[in-house]
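Reader: I'd like a walk through this model, one feature at a time. Could you give the general idea before each case?

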Amino acid sequence: MIVVMEPNATPSQIEHMVRQIEGLGLRSHIIRGTERTVIAAIGEKRGQAKESLETGPGVAAVVPILAPYKVASREVKSEPTSVVVGSLAVGAGALGVIAGPCSVESETQILDTARAVKQAGAGALRGGAFKPRTSPYSFQGLKEEGLKLLAAAREETGLAIVTEVVSPEDVDLVARYADVLQIGARNMQNYRLLEAVGGCGRAVLLKRGPSATIEELLLAAEYILNGGNPNVMLCERGIRTFESHTRFTLPLATVPYLHRKTHLPVVVDPSHGTGHSYLVTDMAAAAVAAGADGLIVEVHPDPENALSDGYQSLNIDQFRALMIRCRAIAEAVGRVVEPAEPSPFIEASVATIR
Ligand code: PEP
Ligand code: MN
């Protein structure tokens, strides 16, 4: 249920209602909007709970939350959530671009990429240090050494760091180095991991599982929000279908659909979503046109020799072209790519690079 307070409800009336909700054995979650405060009452509803809350001081209405997810729902919070972590701003009008290699491979590789993506206007650097690989014989990542290289890249460029965490035991370690913890597609329903990042004090990028429904994605987000972490970004990264011309199928209707259902920002990953570098820029542009709040793009200085996902990684020139195109589209759909000005801007002609 949602307890909607009157616009002029006092702090003591809000506190009183929180106590009432908790006295009924429910959990309370306060959302302060620009107009009024609402309190979500979460848990199994018993007996006359709705009726008894309705008569509380300063209460305008008590309404049921129809969606199975509660704190993630637009019914509970109508204003879009913006996640701001250092140089990265995603949501509520800001379009943040996270770029970098699939895996951190070496000091030169990550520093060269960091400098180049920053110059092209990215808001954050991505790079996997703990890699969940389909085959146990594939490169598994540099682990803590990779995290140290990411932290060095942040030190030099000021870019926020986004990196994956694959198990609950590693959450503290990864949170020590990273600004945003990525939950990979394979772990979307690893509920102990979701609970662990719910309490880690860092923003989270939650990727959709390739076979998960949108409702399951939102329920997974709910685990993180319930841990007290409001800084959750959802990521559409493609789903498994019968189609084989792309690595996964990238359903962009997810973007406007999620915007109807949740206040959380929506990031699109056109790299894993297509699996082919030559499709990435067009699908990134389409994602921005569909209203995405962010992009996460694999970029490598030498994709041919990458240790993972080289075939879907853009080289530096291709990434610059992507940024130019996405900036133009963002402007047309009322979004601002953050940071607003790449530093210093590099002249690149989309026509010659594509
Ligand atoms: C990645 O971002 O490199 C990755 C492994 O992504 P996903 O979990 O979406 O497959
Ligand atoms: Mn990858």
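This is a predicted model: local features need pLDDT of at least 70, side-chain atom pairs count only at pLDDT 80 or more; totals for chains, interfaces and linings use all residues.

Reader: What kind of peptide bond joins E338 and P339?

Author: Most residues other than glycine have a negative phi, and most peptide bonds are trans. The bond between E338 and P339 is cis, with omega about -5°.

Reader: And what is phi of A92, and where is that residue found?

Author: Phi of A92 is near 55°, a positive value in a residue other than glycine. Look for A92 in the loop between β6 (88-90) and β7 (94-100).

Reader: Now the metal. Which residues coordinate the manganese ion (ligand 2)?

Author: Donors are N, O and S atoms within 2.8 Å of the metal (3.2 Å for Na, K and Ca); water is not among the atoms, so sites may look incomplete. Here the manganese ion (ligand 2) is coordinated by C102 (SG), H272 (NE2), E298 (OE) and D309 (OD), at 2.1 to 2.4 Å. Along the chain, the donors have the spacing C-x169-H-x25-E-x10-D. One pair links distant parts of the chain: H272 is in helix α9 (residues 270-274), while D309 is in the loop between β14 (294-298) and α11 (316-332), 37 residues apart.

Reader: How should I read helix packing, say at what angle α6 and α7 cross?

Author: Axes are lines fitted to C-alpha atoms, for helices over the stretch in contact, and angles run from 0 to 180 degrees between N-to-C directions. Angles under 35 degrees count as roughly parallel, over 145 as roughly antiparallel, 65 to 115 as roughly perpendicular, and the rest as oblique. The axes of α6 (residues 191-198) and α7 (residues 214-226) come within 7 Å and cross at roughly 40°, so α6 and α7 are oblique to each other.

Reader: Which residues of α6 and α7 meet?

Author: Contact means heavy atoms within 4.5 Å. From α6, Y191, L194, E195, V197 and G198 meet A220, Y223 and I224 of α7.

Reader: What about α3 and α11: parallel or perpendicular?

Author: The axes of α3 (residues 107-120) and α11 come within 9 Å and cross at roughly 25°, which makes α3 roughly parallel to α11. A116, V117, Q119 and A120 of α3 make the contact with I316, F319, R320, M323 and R327 of α11.

Reader: And how do α10 and α11 lie?

Author: The axes of α10 (residues 277-289) and α11 come within 9 Å at a crossing of roughly 20°, so α10 is roughly parallel to α11. Residues of α10 in the contact include V280, T281 and D282, and those of α11 include Q318, L322 and R325.

Note on methods:
Residues are numbered from 1 along each chain as its sequence is written. Chains are lettered from A and ligands numbered from 1 in the order in which they are written. Side-chain values use heavy atoms; hydrogens and water are left out. Helices (H or I, at least four residues) and strands (E, at least two) are DSSP runs, numbered from the N terminus.
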